[in-house]
Amino acid sequence: MFKKIGYGVVNWSIPEYNLTASDVVPILVRSNISKVYIAELNKQKIEIPLWQLTFCASKREAEAYIKKTAEYRSVYAAVKLDGLPLRSTPDNTGKQVYRLRESQIVKVLWKGEGAPVIARDKPLEGDWLYVMTNDGTRGWCFSYNLFMYDEGEPSVSRQTTETVVDEILTSILKSRWYPEYYRDMIRKKQIDPERMTDNFGFFPGEGTGVVRIMLKDEQLAFSYTGIVKNRMGAYQFEGSPLLMQIRDSDTIAVNYTDEKGRVQIRYFITLKEDPQELAQAETERRNDALQTLVTTGPVFNSVNYGVLEFTDGGRFHWKGYQVLSPTIIPKGVGNSGSVAIRYFISAKLKTEYMGILSFKFDGSGDWIDFFYTVSKQGVKLEYVKPENITDGVASVRSLNPVILFFGTEGTEE
């Protein structure tokens with residue numbers, strides 16, 4: 001049982017949970033690793049990104065924050081000018097903390113007193129507003145270059161903004177959307193070719209009436225008759241349980257209710273890079289690394305661990321490994337199989353190892369992983385437990401590691 005640690009005031013409406021700005025939810029857990037709060041809603045536990053809530057230690061603190069933001073509770077704005085700065089203070093000379101994109105949506109939190117903005121020796125009309133982007137970045141922005149609108153009430157300004165938002169929707173329906181984790185792979189330079197392909201993503205199906213979500217372990221298709229925007233600014237695919245919310249020009253959130261009535265949320269992004277080219281480059285890097293083993297050996301010898309031979313095409317032959325069986329290598333799996341580089345290692349391990357070699361014997365369906373490094377003297381392997389690999393990266397070694405040394409052909413280790 002989780003105990004309540006405080007309250008979260010919603011900053012940005014969450015259509016998938018029917019929550020609007022200034023709603024309050026009890027907070028049970030804060031996860032700095034996953035960057036989410038675990039909140040309680042209708043007796044169920046839900047995950048909400050940290051940026052989307054303001055944490056308050058007490059109800060009184062939550063009420064004070066709600067009062068502070070009351071004037072702009074349901075007010076958002078679309079950016080008119082590409083590169084419009086967010087500043088640390090309500091002053092045109094204040095430090096820039098962020099640059100907004102044209103048509104990007106921000107949440108208005110409150111108005112402040114600030115220095116006039118002068119253009120052509122005349123002050124511009126508008127106010128200094130404290131706003132928040134959809135990644136939680138906050139700063140001051142002058143309202144002259146913003147389309148203000150209220151998500152709950154129609155108005156002239158809202159109609160103007162809807163024109164902008166509809167243009168964004170048109171662009172979204174024509175854009176190519178990839179799983180959000182592609183961005184993390186690119187940022188960390190840890191491309192997994194099996195999980196980064198051109199086949200994965202969100203496909204709106206404009207003109208076909210069928211929207212698809214395609215991931216490695218999930219393939220879904222929904223028929224729909226049209227797309228309408230609801231009062232909270234999200235887009236409903238009519239005739240289906242699918243709802244899409246535009247986070248910004250590069251990110252969308254897609255949610256649906258599964259067969260068990262649970263809300264599922266998937267995030268998708270656009271990319272400047274070509275995922276196929278990135279995956280191909282990584283595949284070539286891995287193939288080159290395997291070829292180094294063939295070129296250096298291809299046969300490696302060990303008094304304790306037998307004879308290990310690497311051949312072209314990602315194959316190996318290993319005889320005399322009985323001392324590793326059955327604790328590491330199962331019995332009866334044979335002497336041959338496939339070898340591949342499937343994972344990455346953390347920076348701190350690169351001082352000792354080049355990466356991870358994964359072996360799959362022909363008589364087994366499971367991969368066996370080893371840290372490895374290769375030199376003119378031979379190959380060093382260290383067994384990696386499955387639990388030491390997280391999200392495709394090994395960052396820790398076993399407390400009592402099993403280390404194998406193999407010498408090149410003609411020598412023994």
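A polar contact is a pair of N or O atoms within 3.5 Å; inside a protein, one of the two must be able to donate a hydrogen and the other to accept it. Keep that in mind for the start of helix 4, where a side-chain oxygen of Asp274 comes to within 2.9 Å of the backbone nitrogen of Gln276. What you're looking at is a predicted model, so every value here is computed from the predicted atoms.

**Helix 4**

- Helix 4 runs through residues 275-296 and has 22 residues.
- From its first C-alpha to its last, helix 4 reaches 32 Å, which is close to the 32 Å expected at 1.5 Å a residue.
- Which residues of helix 4 are buried? They are Pro275, Ala279, Glu282, Arg286, Ala289, Leu290, Leu293 and Val294.
- If you look down the axis of helix 4, those buried residues fall within an arc of 155°, so they line one face of the helix.
- The face turned away from that buried side carries the exposed residues Glu277, Asp288 and Thr295.

- How many residues line the second largest pocket? There are 17, and Arg285, Phe344, Lys350, Met354 and Gly355 lie nearest its centre.
- The volume of this pocket is about 270 Å³.
- Sorted by class, its lining has 9 nonpolar, 4 polar and 4 charged residues.

- Is Ser22 buried or exposed? Ser22 has a relative accessible area of 8%, so it counts as buried.
- Ser22 also has a positive phi of about 85°, although it isn't a glycine.

**The loop between strand 26 and strand 27**

- This loop links strand 26 (315-319) and strand 27 (336-340), and Val333 is found in it.
- Val333 counts as buried because its relative accessibility is 5%.
- Between Val333 and Lys95 there are 64 Å in space, C-alpha to C-alpha, and 238 residues in sequence.
- Ser325 lies in this loop too, and it is buried, with a relative accessible area of 19%. The cut-off for buried is under 20%.
- The side chain of Ser325 reaches the backbone oxygen of Ile329 at 2.9 Å.
- Pro326 is in the loop between strand 26 and strand 27 as well, and the peptide bond from Ser325 to Pro326 is cis, with omega near 10°.
- Thr327 also lies in this loop, but at 67% relative accessibility it counts as exposed.
- Thr327 and Arg99 are 228 residues apart in sequence, and their C-alpha atoms are 55 Å apart in space.

- Asn42 has its place in the loop between strand 3 (36-41) and strand 4 (44-49).
- Asn42 isn't a glycine, yet it has a positive phi of about 50°.
- At 70% relative accessibility, Asn42 counts as exposed.
- Glu387 is in the loop between strand 31 (378-384) and strand 32 (389-390), and with 57% relative accessibility it counts as exposed.
- Glu387 and Glu206 are 181 residues apart along the chain, with 42 Å between their C-alpha atoms.

Conventions: Residues are numbered from 1 along each chain as its sequence is written. This is a predicted model: local features need pLDDT of at least 70, side-chain atom pairs count only at pLDDT 80 or more; totals for chains, interfaces and linings use all residues. Side-chain values use heavy atoms; hydrogens and water are left out. On a 1 Å grid over the protein atoms alone, a cavity is a set of points where a 1.4 Å probe fits but cannot get out, and a pocket is an open set with protein on both sides within 12 Å along at least five of seven lines; lining residues have an atom within 4 Å of a point. Grid points are joined across faces, edges and corners, and a volume is the space filled by probe spheres set on the points. Helices (H or I, at least four residues) and strands (E, at least two) are DSSP runs, numbered from the N terminus. Ala, Val, Leu, Ile, Met, Phe, Trp, Tyr, Cys and Pro count as nonpolar, Asp, Glu, Lys and Arg as charged, and the others, Gly among them, as polar. The expected span of a helix is 1.5 Å times one less than its number of residues. Buried means under 20% relative accessible area, exposed over 50%, partly exposed in between (1.4 Å probe, protein chains only). The arc is that of the directions from the helix axis to the C-beta atoms.
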